[in-house]
Amino acid sequence: RRPAEAAELLGRAARAAPGNPAAHVNHGNVLRDLGHPHDALPCYQRALDLQPEYAEAHYNLGLVLDDLRRYTEALEHYERALEIEPGHTEAWNNRGAVLHKLARHREALESCDHALALAPEHPDALVNRGAALHKLERYEEALDSLERALALRPERSDTHFNRGVTLRKLDRHREAIESLDR
């Protein structure tokens with residue numbers, strides 16, 4: 001119930017301060033968190049109408065477009081966020097994830113490496129890096145990235161799954177089964 005109340009309050013704040021781009025981004029964020037990406041879209045667009053160079057609005061619009069499987073558009077907004085704020089670790093990571101979805105694996109790897117240069121212990125970037133390396137058939141390197149991610153977040157079942165699939169490619173079947181069973 002609290003998130004719905006937050007959405008209502010942030011919606012009121014955005015209406016009370018229609019010229020404040022941060023209010024629109026905050027409203028969009030809570031709508032996205034509530035699972036309403038279509039409702040969040042116009043919030044980010046309004047923020048960008050007010051402040052076209054707002055990196056967080058571009059980044060969050062990219063997230064929503066990614067949620068909606070509009071990957072090419074999401075990529076454009078992640079890249080715009082990075083033009084404005086080149087040190088935006090999450091934008092680098094999510095750019096890598098969307099490039100992977102677009103089967104542009106070399107570029108995905110480069111993007112994940114940028115994220116990891118900024119935040120070497122970023123578990124999501126390590127997982128995304130592992131996925132890109134797997135698609136590039138660089139299985140040992142993929143396994144290394146996935147194991148580094150698991151050392152940081154051992155509870156992630158998706159990482160255990162990716163590790164198992166990678167181990168299978170390396171003909172390490174017993175370890176693959178153990179990883180897939182987690």
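1. The chain exposes about 9,600 Å², of which carbon and sulfur atoms supply 48%; accessible areas come from the Shrake-Rupley method with a 1.4 Å probe. Buried residues, those under 20% relative accessible area, make up 46% of the 182 residues.

2. This is a predicted model, in which local features need pLDDT of at least 70 and side-chain atom pairs count only at pLDDT 80 or more, while totals for chains, interfaces and linings use all residues. Residues are numbered from 1 along each chain as its sequence is written, and side-chain values use heavy atoms, with hydrogens and water left out.

3. The secondary structure comprises eleven helices and zero strands, where helices are DSSP runs of H or I with at least four residues and strands are runs of E with at least two. Along the principal axes, the C-alpha atoms fill a box of roughly 60 × 35 × 25 Å.

4. Of the contacts (heavy atoms within 4.5 Å) between residues at least 6 apart in sequence, 44% join residues at least 24 apart.

5. Helix α4 (residues 55-67) and helix α6 (residues 89-101) have axes, lines fitted to C-alpha atoms over the stretch in contact, that come within 11 Å and cross at roughly 25 degrees. The two helices are therefore roughly parallel to each other, a term for angles under 35 degrees.

6. Tyr-59, Leu-63 and Asp-66 of α4 make the contact with Glu-90, Ala-91, Asn-94, Val-98 and Lys-101 of α6. By class, this contact has four nonpolar, one polar and three charged residues; Ala, Val, Leu, Ile, Met, Phe, Trp, Tyr, Cys and Pro count as nonpolar, Asp, Glu, Lys and Arg as charged, and the others as polar.

Key
Axes are lines fitted to C-alpha atoms, for helices over the stretch in contact, and angles run from 0 to 180 degrees between N-to-C directions. Angles under 35 degrees count as roughly parallel, over 145 as roughly antiparallel, 65 to 115 as roughly perpendicular and the rest as oblique. Buried means under 20% relative accessible area, exposed over 50%, partly exposed in between (1.4 Å probe, protein chains only).
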